[in-house]
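Me: Could you walk me through this model? I'd like to start with chain B.

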Amino acid sequence: MAGTNGFSVSGYGPQQRSTMSRLMARDSVVRRLDWPILLSAVALSMIGAALVYSATRNRTELNQGDPYYFLFRHLLNTGIGFALMIGTIWLGHRTLRTAVPILYGISVFLVLLVLTPLGATVNGAHAWIIIGGGFSLQPSEFVKITIILGMAMLLAARVDAGDREFPDHRTVMQALGLAAVPMMVVMLMPDLGSVMVMVMIVLGVLLSSGASNRWVLGLIGVGAAGAVAVWQLGVLDDYQIARFAAFANPALDPAGVGYNTNQARIAIGSGGLTGSGLFHGSQTTGQFVPEQQTDFVFTVAGEELGFVGAGAIVLLLGILLWRACRIARETTELYGTIVAAGIIAWFAFQAFENIGMTLGIMPVAGLPLPFVSYGGSSMFAVWVAVGLLQSIRVQRPMSA
Amino acid sequence: MTNIPETGRTPRVQIRLIVLQILVLSLLLTLGGRLWYLQIRNGDEYAKEASGNHVQQVVTPAVRGSILDARGVPIADNETRLVVSASRTDLMKMEDDGKGVLTKLAGVLGMAPKEVEEKVRLCDAKTPQPCWNGSPYQPIPITDEATPKQALQIRERGEDFPGITAEPTAVRRYAGPGNSNTAQVLGYLSPVTDAEIEKAKDTESPYLRSDQVGRSGLERTYDQQLRGKAGVTRYEVDNLGRVIGRAKSDKAEPGANVVTSIDARVQSVAEYELNEAMKAARHEFDKNTNENYKADSGAVVVMEAKTGRVVAMASNPSYDPNAWVGGISGKDYAKLTGKNSNYPLLNRAIQGQAAPGSIFKVVPTTAAVNAGYPFNGNYDCSSSYSIGSQVFKNFESKGYGPISLGRALEVSCDTVFYRLAHEEWKKDGGLKGHKDTQDWFYKTAKQFGLGKETGIDLPNEVTGRIPDRQWKQRFWKANKDAWCKAGKKDGDYVQRLSYENCLEGNLMRAGDAVNYSIGQGDTLVTPIQMASIYAAISNGGTLHAPEVGKAIVSADGKQVQEIEPKVNGKLPMTAKTRDEIDGALAGVATRGTAAWRFGGWPQDKIPMHAKTGTAEVYGKQTTSWFATYTKDYSIVMTISQGGTGSGASGPAVRKIYDAIYGLDSSGKQDLKKALLPEPQKALPKIESDGSIDSPKIKPYEPNKEEPPAQQELAAGLPTSTFTRRD
């Protein structure tokens, strides 16, 4: 991982030093990394590994007889994600800035690919591409990143160049258009959860870009109107409407649509203060909660680790987001601020929606819990995002 | 890139970033708060719901307690049978849902494969019996009559019979010690119904799906004590019902044993002699109907006079209580309850009611004394008594001239009581009665405990009936429409009766009052009521609520809860009156209507008191009643359509006494042969392990010898009189 020059910001390390001393130097990348974020992300991934293992070790119909199947893959995904983070830091978010159009193009292409016969349907959402060998890809996860990067690139261009104080209307419209294209496709899948996250990302990006209040408020208005329109025009599938109905009234059909939320809440509620102990949750062992290694992984924490463990997950997410907010505020270039804010909006909303649905305060939407849920695409995407945050911090101008 | 201009952050962006940070913080706080609410505040509730989710219970039935006789001889206990059961949970895991195993099993058990399959299928709306009505997690019994060889085959080849068990299991057995049967007193068990489970759900002793419930007799009265508490093994299951672990389990607590006051030996004698008496009656010719007596049913009660405890209670026809064990077959059930069955399930000692005839006369005697007629006054025992155009005849128009009430009891003179009843009826205002009627004869009957349950510890006792003015009114209201419709002034007897009843069935006619005074008319009593009345006369006047249960002994023998005799009240008579009646009843046995049945009886050692009764029932042959007591026991026997009291029931009652006291036919007592010369006071000995000592008992050997010819009769009544009517 010791690149020749990638880790040191140009202008700060002119002379060659030994790898070790460069890593340990006051201005070194390693020293400048945001360790709380990194450690939180690693901790969340490891907790996730334990929870995924607990949820899947007995599920012979899923794990093909190997109790470690999901554990191994989760760790592998985490490793790959970690490598992607290092790569992202190594490249630097500014370098990536130049590649944004390409990345954006690739991600939109992949999303479109889902609509072709190559796409596969899981849980009612046609959001996957089956690669083969048991691997699959969920392009909407990567689109989240490219939307952030693309919009940030457009919105920050003239501001960072010093031309303007705030992005003008034209730029804002361009940026919105850039986000709208993949969002429409994802909407068609339909992967409503991801669309909701993307809307929040767009909001976070606009908010942090300094775009006029009218845009921000307007977008909120359009979002609300859009939600009503979607509901009224019947764009939603029956299963999605049923999920919302079950959210509004969980007792509606406890054996049917309300089943997930009901069982999830029983699992979490029965955990109490310290939980039943890892691998000892009866709800988990009894497989009463569906999708427990992915979307409902938080219920395992709730039941087996109790308020202490589940609270720790929320706390770790809080540390990560808190530090990310600091990065967004401390970086002086708008591009970095916008990227960080987009990531914050993404993580915050996705975590809130995911945990909230298991706690019965949000409707059920198929979204993974960042770092914790089993799932390659999501894991890669969130680690790349961590890489971006680190890069923004590492590359921010030091106060002279 | 170092030349990026230090634009400085515009306040707008900075403020918005803080807004974003606050938003993020509030989202996370919301999650934390909700988490606290669910896990800490409502955690217990959800924990409960979770355990309900994934715990399945398997019930180990408690061994039902035994029912023992007074000396500890089990009359209802459990025997071990080899029960072959199938676990549905295991069968359903197999690829063919266990079909192969069941077919193999059918081969071993010698059953048809279809029969076995039907036993393990679950009952639902579309599945007719046979099917399994219990929990699918419960092992389902396929047969309880497996031979040891079959059981061994199944157990030794366990790998061939996965999910099949052959276990010795406790099954109810009615042992019938000493050839006793005691069927109606013991009652029977049958599986609990859904409605009962629902009803008992929130009570102290809820039912389990597998429970057998006492349906009648002692099994029902003491069901709760006998049943014990079933053990529950709780298995954790997953969402598909597969067992994944074991949760907290409760061990089965065996039911308590119930010690009764029944003496199996006396019971056996009573049953045998009742049956013999009925058989004998069927050989007797009834001059009134010109055919032999039918003797269709009968009952006998042997009661401890001082406590009201029941020593023996037999009802005929009877049945084998073991027919219910392991589920009764449709054929057997029809035999026990069908129209032509003569209802052997009825316990006629407490559920059979009939007019008492002359054994009732102790009541009007007491009533007369209480109304102010001196016991030793002179009352005209004329051959008949006329009220208007109606003539009420004494039995066989026999007259005795002026006699005392005591003598009237001895010779069972009807006209004495007719006259008294008519006089009282007139005093009370006749037909309609005036404001303050005394109704001595009715009031006294009620004070004797007639017209209501005695409160015996057996279910579904009937009340009998005292046809007083209030009852007549109620009865008329309920029936007048039917009477008025059917009645005809010049029709046959029934039509004329209906006609009369329609007009004035609500009124107390002189004839009603007169008929009632000798235990006829609408009067109804049960054998148990009469037994407790005669026991009360014996013991000095205390009416007990009869009891069969004597003590409840916990399975480990550590807790013994005695059931004390219960007092219902006092007979409404002074000690003097009691002594006078007692004397008269002794006279019945020595020189009155029952004397010819007590030839050779050692009256000086064991004073015998008796009263005979022959009740007329319209359209049927006469009911035989015989009520007796000594200082320790009272025995009442009745035979429906059996003839006279002393004629049909006399010998049987005498033989029961002979067996109890160890008397031979000449009246010589051999205490070694006596079954129970004194009532059994002590409870059977309980061993430290909870088991109860039970003496061996021999079947009853009836004494075929007839007692010697009757004693000399002081009154010198011709024998023929006794053979027909008392």
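Me: What does the secondary structure of chain B come to?
Reply: Chain B has 24 helices and 25 strands, taken as DSSP runs numbered from the N terminus (helices H or I, at least four residues; strands E, at least two). This is a predicted model, in which local features need pLDDT of at least 70, side-chain atom pairs count only at pLDDT 80 or more, and totals for chains, interfaces and linings use all residues. Residues are numbered from 1 along each chain as its sequence is written, while chains are lettered from A and ligands numbered from 1 in the order in which they are written.

Me: Which strands form the open sheet, and in what order?
Reply: The order is β14-β13-β25-β24-β23 in chain B, with antiparallel pairing, where two strands pair if DSSP finds at least two bridges between them.

Me: Which strands stand at the edges?
Reply: Those are β14 (310-316) and β23 (609-615) of chain B, and because each has a single partner strand, one side of each is left without a neighbour in the sheet.

Me: How many bridges join β23(B) and β24 of chain B?
Reply: They pair over 7 bridges in the antiparallel sense, with β24 spanning residues 623-629, and B:T612 stands opposite B:F626 in β24(B).

Me: Switching to confidence, what does chain B average in pLDDT?
Reply: The average is 85, and 90% of the residues score at least 70, pLDDT being the predictor's confidence in each residue, from 0 to 100. Over residues 710-725 of chain B, however, the pLDDT is below 50. Where pLDDT is low, the predicted coordinates should not be read in detail.

Me: And the model's ipTM and pTM, what are they?
Reply: The model scores ipTM 0.88 and pTM 0.63.

Notes
Two residues are in contact if their C-beta atoms, placed from the backbone, lie within 7 Å.
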